[in-house]
Amino acid sequence: MDVLKAINTKRAVRQFTDQPVPPEVLDKILESALRAQSSKNTQPWQLVAVRERETLVALSKLGDYMGHVAGASVCVAFAAPSDQPWIYFDLGQCAAYLQLAAHELGVGSCIGAIYHPAEAKALLHVPQEMSLLAVVSLGYPAPTHRPAVMGGRKRLTDAVHWETWDSREVS
Ligand SMILES: Cc1cc2nc3c(=O)[nH]c(=O)nc-3n(C[C@H](O)[C@H](O)[C@H](O)COP(=O)(O)O)c2cc1C
């Protein structure tokens with residue numbers, strides 16, 4: 001798949017089959033995540049890849065919209081030192097690379113926002129001084145999977161300002 005096609009066809013997948021993601025596929029996905037760019041190449045991320053069902057189910061309860069984690073083959077949690085200023089941006093890049101690589105390999109994914117970070121850190125034995133912001137569920141899309149209806153995107157004219165904010169110029 002070329003990069004533009006991958007970007008334009010990737011949708012959030014929240015229902016998965018029981019088929020496990022094989023270790024060699026998972027390694028490729030995780031290696032792609034580690035190829036992400038980061039501020040000053042600090043690569044602040046630490047990833048916890050969870051495969052045990054009991055832990056996935058417990059983790060799924062630590063965000064209001066994390067139900068998809070319970071049925072995932074794997075869930076990757078993204079942690080970084082709290083004192084580094086760019087971690088939201090850096091971890092977002094890391095997650096995006098991971099999700100695009102998964103898409104290329106036929107593996108569906110969805111982000112989950114952690115609402116109870118202290119509990120999530122305790123569950124995954126992540127030091128409390130780290131930030132644990134989000135997870136990405138991974139698995140093969142279930143036949144019943146349908147992308148959410150709210151899948152549209154802004155048009156260029158809705159989001160791009162040329163040269164200055166108040167410009168009326170168009171491309
Ligand atoms: C920072 C962030 C947090 C998100 N949190 C959740 C979440 O908690 N649960 C969920 O189901 N999807 C979550 N998503 C996925 C978004 O809902 C999804 O990317 C968006 O609706 C676009 O979906 P689409 O690519 O299928 O159109 C999150 C996405 C981002 C970038």
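**Exercise 1. Locate Thr9, state how exposed it is, and list what it touches.**

Thr9 belongs to helix 1, residues 3–9, where helices (H or I, at least four residues) and strands (E, at least two) are DSSP runs numbered from the N terminus. Before going further, note that this is a predicted model, in which local features need pLDDT of at least 70 and side-chain atom pairs count only at pLDDT 80 or more, while totals for chains, interfaces and linings use all residues. Residues are numbered from 1 along each chain as its sequence is written, and side-chain values use heavy atoms, with hydrogens and water left out.

Step 1: the relative accessibility of Thr9 is 36%, and Thr9 therefore counts as partly exposed; buried means under 20% relative accessible area, exposed means over 50%, and partly exposed lies in between (1.4 Å probe, protein chains only).

Step 2: leaving aside residues up to four places away in sequence, Thr9 touches Met1 and His103, a contact being heavy atoms within 4.5 Å.

Step 3: Leu100 stands 91 residues from Thr9 along the chain, yet their C-alpha atoms are separated by 9.8 Å.

**Exercise 2. Describe the overall fold and decide how compact the chain is.**

Step 1: the chain has six helices and four strands, arranged along the sequence as α-α-β-α-β-α-β-α-β-α.

Step 2: the radius of gyration is 17 Å, close to the 16 Å that the globule rule gives for 171 residues, so the chain is as compact as a globular protein of that length. Here the radius is taken over C-alpha atoms, and the rule is 2.2 Å times the number of residues to the power 0.38.

Step 3: of the 171 residues, 38% are buried, and among contacts between residues at least 6 apart in sequence, 75% join residues at least 24 apart.

**Exercise 3. Which residues of helix 2 are buried, and which elements do they pack against?**

Step 1: in helix 2, residues 23–33, the buried residues are Val25, Leu26, Ile29, Leu30 and Ala33. They cover an arc of only 130° around the axis, which puts them on the same side of helix 2; the arc is that of the directions from the helix axis to the C-beta atoms.

Step 2: the buried residues of helix 2 pack against strand 1 (46–50), strand 2 (74–81), helix 4 (87–104) and strand 4 (130–139), whereas the face turned away from the buried side carries the exposed residues Glu24, Lys28 and Glu31.

**Exercise 4. Repeat the analysis for helix 5.**

Step 1: helix 5, residues 117–124, has Ala120, Lys121 and Leu124 buried. Seen down the axis, these buried residues fall within an arc of 100°, so they line one face of the helix.

Step 2: their cover includes strand 1, helix 3, strand 2 and strand 4.

Step 3: after helix 5 comes His125, whose phi is positive, near 60°.
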